[in-house]
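Thanks for asking me to look over this model with you.

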Amino acid sequence: MARPLHRGVSTIRISGNSNDFWDSEVKDKTEKEDLDRNRSSDQSYLSLRFPFRLLFPDNSPSKYGTENGFASDPFSVGTPRSRHKLTMLFLKLSLVVIVLLALTGSFWWTISISTSSRGHIFHGYRRLQEQLVSDLWDIGELSLGPSRLKEVEFCPEEYENHIPCFNVSENLALGYSDGNENDRLCGLGSRQSCLVLPPVNYKIPLRWPTGRDVIWVANVKITGQEVFSSGSLTKRMMMLEEEQISFRSASLMFDGVEDYSHQIAEMIGLRNESNFIQAGVRTILDIGCGYGSFGAHLFSKQLLTMCIANYESSGSQVQLTLERGLPAMIGSFNSKQLPYPSLSFDMLHCARCGIDWDQKDGIFLIEVDRVLKPGGYFVWTSPLTNVQSFLRNKEKQKRWNIVRDFAENLCWELMSQQDETVVWKKTSTKSCYNSRKPGSGPSICSKGQDVESPYYRPLQNCIGGTHSRRWVPIEGRATWPSRSNMNKDELALYGLRPEDLIDDTANSKIAVRNYWSLLSPLIFSDHPKRPGDEDPSPPYNMLRNVLDMNARYGGFNAALLEAGKSVWVMNVVPTSGPNYLPLILDRGYVGVLHDWCEAFPTYPRTYDLVHADGLLSLETIQHRRCSVLDIFTEIDRLLRPEGWVIIRDTAPLIESARALTARLKWDARVVETESNSDEKLLICQKPFFKRQAS
């Protein structure tokens, strides 16, 4: 192996010597004597010519002298063995040098990396990963051929108000009954792969606040009989000319809601509903909300009311409430926990909501207790609570006694009872649970049962939220709007530092300012304004219902409110990412936990603006069971005609997403971001496609 490495090196001969010097196999006595005689001087000579020789001694016999007495340079020796030794020596030296250089360089490189440098390296890795995912998307699309690149088709007419995961007839066929047929069931076949067209006579909703009181009847699925038969306090409306439904403030309905709200405030011990904020009330969960009139009235008092109701194929409370520009979503108490964290709302309200609170061993009241903050209020209005009716109906009295006794065992304080309305206050201290008589009420959930943010888990028959670090009475929290800006100790409950919230809020403010400058010329094109002027005041506000698909800490919501925008935001925390929904709700906003591979629990044509910052990056990290096209198709279902989509993400993902928008028939453009050169904006508008009358 040594010979080829030294190809072209000639053997060395000494002049006047007839014998070849390299014949080292002949060992005679004279040679040994010469070697012994010159060993000392030769070793000294070698140490001068090549000091590292001493580090790698050669124990094999060799000759350093010649027959005429001259010392031979051992590195000029031409024997095969000498050349082999020479080669090995250089290899050893080279290896040592390489190892020393590598170790030294690695050491200095390691200690020179700062925290920011590591961040850049990780960021670069993430960019490579996202670019790979983007390329794989493109390759996947191309490999599936032209059939996958064609536009998504429109849905049949029966899909106009369809909500995947809510199929009553199919649930009944599967054996669900006793109210469970209205439950949300998301199987693999529940995904929608077509674009929902609006009804034939659909019209763009009236601008806020006009649209709060008047809606187009063709925009919702409701029959004339349902309009004329609506007569309860929160489900009263009237038909107007030009095919409109009115909830106007001039109607008796509004006066009834105002008096009702005033009554509740007095029962709590307040002067009127304007003092709810001072009592620690900001967010209200309205169960079976009618058509949202209770929340519409309280909105002017800076109270945020989330309406939840069962799925309804016609005359939907949720659909009409959303059409009015008020927060709402489909939610059911039948068998699953609501997708809200424990200790989420300051007040729960049920006005003839249709729930039999005395049934199923009080398990529905236990769920109310779970989502209610310590010191929060439960307001129940029902003929069942009317004391005068007890004398005429013993069955009603029996049912009322069951609810009253169970509420007492939950450590609720009965504050007041007037006419058909009862107000309870949840305990502010955990010690009450230990002071109950043994076996007198539901037990406290163990840590394993007490999941802070359940996602449609079965209802639990135990008291939840007691293990949470967020057990803070509403009277001990800052009032709105101060509660949205949490201090250091409050943020520590969620594992955050003040600078985390400050940075998120600052970035969101910049984003809102940029978004508005991009959208304003388009949204307010019929009401032009000069540069620097404020946005036109209502009723010229085209954006009202906003969906934030990856809300993080709720910064986008905070920035919109601080900018004075007349909007409400549904803050969605994806199940695939960090869960900061408790923080969002504690800041005084509304939101929900959701898996974006499933249909969102709402009706088509719900939102004016859909915002997704970093959602694509979040979803690509996970091994998802759905594609980005599936998510975009769901966005199209949620979006109103002429509604807007703003997606902010890394450049490779935005470019890949833009290719999909053509298949959805969206008008799209990519915008560079000034704050981060690695990110881009994808701004899309959904066209208004009309279905032809048959």
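**Notes on the predicted model**

1. Let me start with one of the sheets. Seven strands form an open sheet with mixed pairing, in the order β13-β12-β11-β14-β15-β17-β16. At its edges are β13 (590-594) and β16 (667-672), each of which pairs on one side only. From one strand to the next, the twist averages 20 degrees. Please keep in mind that this is a predicted model.

2. A helix packs on this sheet: α21 touches β11, β14 (607-613) and β15 (639-650), and its direction makes about 145 degrees with that of β15. Is α21 mostly covered or mostly open? Helix α21 (residues 628-638) is mostly covered, with 10 of its 11 residues buried. The buried residues include Leu629, Ile631, Phe632 and Leu638, and also Glu634, Asp636 and Arg637.

3. Another helix, α22 (residues 651-661), lies across β15, β16 and β17 (679-685). Helix α22 runs at about 20 degrees to β17.

4. For a closer look at the pairing, take β11 (residues 545-548) and β12 (residues 568-574). These two strands pair in the parallel sense over four bridges. Leucine 547 has methionine 570 in β12 as its bridge partner. As a reminder, strands of a sheet pair through backbone hydrogen bonds, either parallel or antiparallel.

5. Arginine 640 deserves a visit. This residue is found in strand β15. Is arginine 640 buried or exposed? Arginine 640 counts as buried because its relative accessible area is 4%, and the cut-off for buried is under 20%. Leaving out residues up to four places away in sequence, arginine 640 touches Tyr202, Pro205, Leu322, Glu323, Asn545, Arg605, Thr606, Tyr607, Asp608 and Lys686.

6. From there, go to isoleucine 204, in the loop between α6 (168-173) and α7 (210-213). How far apart are isoleucine 204 and arginine 640 in sequence and in space? They are 436 residues apart in sequence, and 8.1 Å apart in space from C-alpha to C-alpha. Isoleucine 204 counts as partly exposed, at 25% relative accessibility. Setting aside its neighbours within four places in sequence, isoleucine 204 is in contact with Trp216, Met542, Pro641, Glu642 and Phe688.

7. There is another open sheet of seven strands to examine, with mixed pairing and the order β6-β5-β4-β7-β8-β10-β9. Its edge strands are β6 (328-330) and β9 (412-418), each pairing on one side only. Neighbouring strands of this sheet are turned by 20 degrees against each other on average, direction ignored. Helix α12 (residues 363-371) packs on the sheet, touching β7, β8 (372-381), β9 and β10 (421-426), and its direction makes about 135 degrees with that of β8. Helix α14 (residues 394-409) also packs on the sheet, touching β8, β9 and β10, with its direction at about 20 degrees to that of β10.

8. Within that sheet, have a look at β4. Strand β4 (residues 283-287) is mostly covered, with five of its five residues buried. In a regular strand the side chains alternate between the two faces of the sheet. In β4, Thr283, Leu285 and Ile287 point one way while Ile284 and Asp286 point the other way, and all are buried.

9. What are the partners of β4? Five bridges join β4 to β5 (residues 304-309), and the two run parallel. β4 also pairs with β7 (residues 345-351) in the parallel sense, over four bridges. Aspartate 286 has cysteine 307 as its bridge partner in β5, and stands opposite histidine 349 in β7.

10. Now to the surface. Leu95, Val99 and Leu103 make a nonpolar surface patch of about 290 Å². Leucine 103 lies in helix α3 (residues 80-112). Why does leucine 103 count as exposed? Its relative accessible area is 58%, and exposed means over 50%.

11. Finally, some totals for the chain. The secondary structure comes to 22 helices and 17 strands. Of the 694 residues, 51% count as buried. Among contacts between residues at least 6 apart in sequence, 71% join residues at least 24 apart. The protein chain exposes about 33500 Å², and carbon and sulfur atoms supply 53% of it.

How values were computed. Residues numbered from 1 in each chain as written. Predicted model: local features only at pLDDT ≥ 70, side-chain atom pairs only at ≥ 80, totals over all residues. Heavy atoms only, no water. Patch = residues over 30% accessible without salt bridge, like charges linked within 9 Å, V, L, I, M, F, W, Y side chains within 5 Å. Areas by Shrake-Rupley, 256 points an atom, 1.4 Å probe, with all protein chains shown as cover. Salt bridge = Lys/Arg side-chain N within 4 Å of Asp/Glu carboxyl O. Buried < 20%, exposed > 50% of the residue type's maximum accessible area, 1.4 Å probe, protein only. Pairing = 2+ DSSP bridges. Axes fitted to C-alpha atoms, helices over the stretch in contact; angles between N-to-C directions. Contact = heavy atoms within 4.5 Å.
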